[in-house]
Amino acid sequence: MRILLVEDDPVLADGVRAGLTLAGLTVDAVSTCADAQAALASATFDALVLDLMLPDGSGLDVLAGMRAAADRTPVLLLTALDDAPDRVRGLDAGADDYLGKPFDLDELAARLRALVRRGGGRATPLLRYGAVELDPALRAVRLEGQPVTLSRREFAVLAMLMERPGVVRAKAEIEDRLYGWQEEVESNTVEVHIHNLRTKLRRDAIETVRGLGYRMRIVP
């Protein structure tokens, strides 16, 4: 999951980014409405964590612009304005969830996973395809019931492929999910992750569609 965090408190932003990264998410952070709008125009995110009180306006303005443009990216409002009227106003403006400050990082990560899961039309948190089972909350993978140890980015690649197993994922699409703006991506990074997954699962676990990308190919 790639998350856009819009928060003007640098200490809080760094803490949230570190915590969500440990939970297996990729986080890009900005601190103003203008930067949030520019980020949304230039990249695709699985969800948005949005503060309301920003230096150049209200996060509700960002939210209103998104919904007016038919942007359905799930939005979680994260703010100190936690009275019932504030929550109602945010939800009625198009937010999908609301979490008041102070908050628990594990709860924030769980709420984001739930938002993305519902946005993808999945009722269950577990991903299953053939003999492979993936649990996003526990960051656990099993092959024929046996645990498989994956790195954070190997897990993220596998989760992305298993979310829509029949869909070919382009290399650039996978890179966008795995790496934030400040991270350098080596030219063969995705190929290395795919190779490692095939080694740890099965050689035929992931199919290369020449010229297009990768998709799951697990024999039940």
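Figure 1. The model is predicted: local features need pLDDT of at least 70, side-chain atom pairs count only at pLDDT 80 or more, and totals for chains, interfaces and linings use all residues. Residues are numbered from 1 along each chain as its sequence is written, and side-chain values use heavy atoms, with hydrogens and water left out. Ser-42 belongs to helix α2, residues 33-42 (helices, H or I with at least four residues, and strands, E with at least two, are DSSP runs numbered from the N terminus). A polar atom of the Ser-42 side chain lies 3.1 Å from the backbone oxygen of Ala-38. Between Ser-42 and Leu-81 there are 29 Å in space, C-alpha to C-alpha, and 39 residues in sequence.

**Figure 2. The largest nonpolar core has 26 residues.** A nonpolar core is a set of buried Ala, Val, Leu, Ile, Met, Phe, Trp, Tyr and Cys residues joined through side-chain atoms within 4.5 Å. Leu-134, Val-141, Leu-158 and Ile-206 have the most contacts inside this core. The elements giving two or more residues to the core include β9 (132-135), β10 (140-143) and α6 (152-163). Helix α6 gives the most, with eight residues. Beyond its neighbours within four places in sequence, Val-141 is in contact with residues including Leu-134, Phe-155 and Leu-158 (contact means heavy atoms within 4.5 Å). A second, separate core has 21 residues, among them Ala-43, Leu-54, Leu-63 and Leu-77.

**Figure 3. Arg-139 lies over the face of Phe-155.** The distance from Arg-139 to the ring centre is 5.8 Å (a charge sits over a ring if NZ of Lys or CZ of Arg is within 6 Å of the ring centre and within 35 degrees of the ring normal). Arg-139 is found in the loop between β9 and β10. Its phi is positive, about 50°, although Arg-139 is not a glycine. With a relative accessible area of 31%, Arg-139 is partly exposed.

**Figure 4. Two loops hold Ala-70 and Pro-102.** Ala-70 lies in the loop between α3 (59-68) and β6 (75-79). Its phi is near 65°, a positive value in a residue other than glycine. Ala-70 counts as exposed, at 59% relative accessibility. Pro-102 is placed in the loop between β7 (97-100) and α5 (105-119). Lys-101 and Pro-102 are joined by a cis peptide bond, with omega about -5°.

Key:
Polar contact = N/O pair within 3.5 Å; in protein donor to acceptor, adjacent residues only side chain to side chain. Buried < 20%, exposed > 50% of the residue type's maximum accessible area, 1.4 Å probe, protein only.
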